[in-house]
Amino acid sequence: MNTAIERFDESVRRRVGAYGRTVVRAGELVRHPVYTRVLHWSVAVFFILALLSGFAIYSPWLYHWLTPLFGGGANTRLLHPWFSLGFVAVFAFQFLNWLGPMIWNADDRRWTRRVREYVTNSDAVEPDYVDFFNAGQKVYFWAIVISAIVFVISGIPMWFPKTFGRPAVDIGYVLHDIAAIVMLIGFIVHLYEGTAAQPGTFQAMTRGTVEQRWAWTHHPAWYRRAAGRDAHTDSERARARQPQGASGDRRPHE
Ligand code: HEM
């Protein structure tokens, strides 16, 4: 179905994409095109501004440290809702962009049952069925979607207290704080997973590419589609070529 929203999304994707390029070196696959990267980093900038200004308003101790960044207390209060609306607006585009690969399916339920193995890195490669995003990444995405909706619904009465009245503002504070805690925990885990936990992941969002070895290690089903080869076979072949005692597939850059 080609809806007006899909046509709009497609035209923005084409226009933004035309301003940049993705250089693919030998042995690499394209993971995130220019449009996705521009959206991701715009979301990140607005999110961090909203987070810092929100913390400044929330905590008297942080108020002292963070408000000078935004030109004082009054300015911080003024800017926070606008940073937040910026975050929600750009994330709405990312929502459309990623909705397809973020749909939850039966394989994701299987993945969540073996989350312990994932966290402890006990398997050399992910199971064959792990596609473009794993279930953990999907949970983060949907947590952002729900939190963004809660932020808007709870934030508007807090922004215009005289219009909405005390009870709505009080409920707003509680919901806003719950959404902020969920987002903060999610962000810390995401930061770790996107950088230190899995070498080779960060370049997916900077240069837009990943090494094939990274793809077959973390997303075998996507590797099968993108490279047209079997992840398991290529992983075994690479392992056979490695000198004895060399580390496993989860360290693609060694
Ligand atoms: C500022 C530090 C950040 C870093 C270093 C970072 C890094 C990354 C990387 C490398 C990916 C690609 C993962 C892959 O292709 O498998 C990614 C994806 C993603 N990022 Fe970020 N990101 C940051 C901030 C944010 C923020 C602030 C948000 C939203 C609040 C966000 C939301 C997402 C989502 C939803 C995905 C796709 C699902 C996932 O990989 O978890 N990121 N990020």
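Modeller: I begin with the ligand: 19 residues surround it, and the closest are Ala44, Phe47, Gln137, Gly194 and Met205. This is a predicted model, in which local features need pLDDT of at least 70 and side-chain atom pairs count only at pLDDT 80 or more, whereas totals for chains, interfaces and linings use all residues. Residues are numbered from 1 along each chain as its sequence is written.

Biologist: How many residues of the shell are nonpolar, polar and charged?

Modeller: Twelve are nonpolar, six are polar and one is charged. The classes are set by residue type: Ala, Val, Leu, Ile, Met, Phe, Trp, Tyr, Cys and Pro count as nonpolar, Asp, Glu, Lys and Arg as charged, and the others, Gly among them, as polar.

Biologist: Why is Thr217 called buried?

Modeller: A residue is buried if 20 or more other C-beta atoms lie within 10 Å of its own, exposed if 12 or fewer, and partly exposed in between, with C-beta atoms placed from the backbone. Thr217 has 26 C-beta neighbours inside 10 Å, and therefore counts as buried. Thr217 is part of helix H11. Of the 254 residues of the chain, 25% count as buried.

Biologist: What makes Ser154 buried, and which residues does Ser154 contact beyond its neighbours within four places in sequence?

Modeller: Ser154 has 22 C-beta neighbours inside 10 Å, so the label is buried. Ser154 belongs to helix H7. Leaving aside neighbours within four places in sequence, Ser154 is in contact with Gly172, Leu175 and His176. Two residues are in contact if their C-beta atoms, placed from the backbone, lie within 7 Å.

Biologist: Why is Ile57 placed in the class of partly exposed residues?

Modeller: Ile57 has 17 C-beta neighbours inside 10 Å, so it counts as partly exposed. Ile57 lies in helix H2 and touches Thr76, Arg77 and His80, not counting residues up to four places away in sequence.

Biologist: How do you know whether Asn121 and Arg25 are buried or exposed?

Modeller: Asn121 has 12 C-beta neighbours inside 10 Å and so counts as exposed. Arg25 has 8 other C-beta atoms within 10 Å, so Arg25 is exposed. Asn121 lies in the loop between helix H6 (115–119) and H7, while Arg25 is in the loop between helix H1 (4–17) and strand E1 (28–30).

Biologist: How do you know that the buried residues of helix H12 line one face?

Modeller: The buried residues of H12 (220–227) are Pro220, Trp222 and Tyr223. Seen down the axis of H12, they fall within an arc of 150°, so they line one face of the helix. The arc is that of the directions from the helix axis to the C-beta atoms. These buried residues pack against helix H11 (212–218) and helix H13 (231–241). H12 is followed by Gly228, whose phi is positive, near 70°.

Biologist: What makes a set of residues a nonpolar core, and which residues have the most contacts inside the largest one?

Modeller: A nonpolar core is a set of buried Ala, Val, Leu, Ile, Met, Phe, Trp, Tyr and Cys residues joined through C-beta atoms within 7 Å. The largest has 17 residues, and those with the most contacts inside it are Val43, Phe46, Phe87, Val90 and Phe91. H2, helix H4 (73–102), H7 and H9 each supply at least two residues of this core. Apart from it lies another core, of nine residues, among them Ala204, Trp214, Ala215 and Ala231.

Notes
Helix = DSSP H or I, 4+ residues; strand = E, 2+ residues; numbered from the N terminus. Near = placed C-beta within 6 Å.
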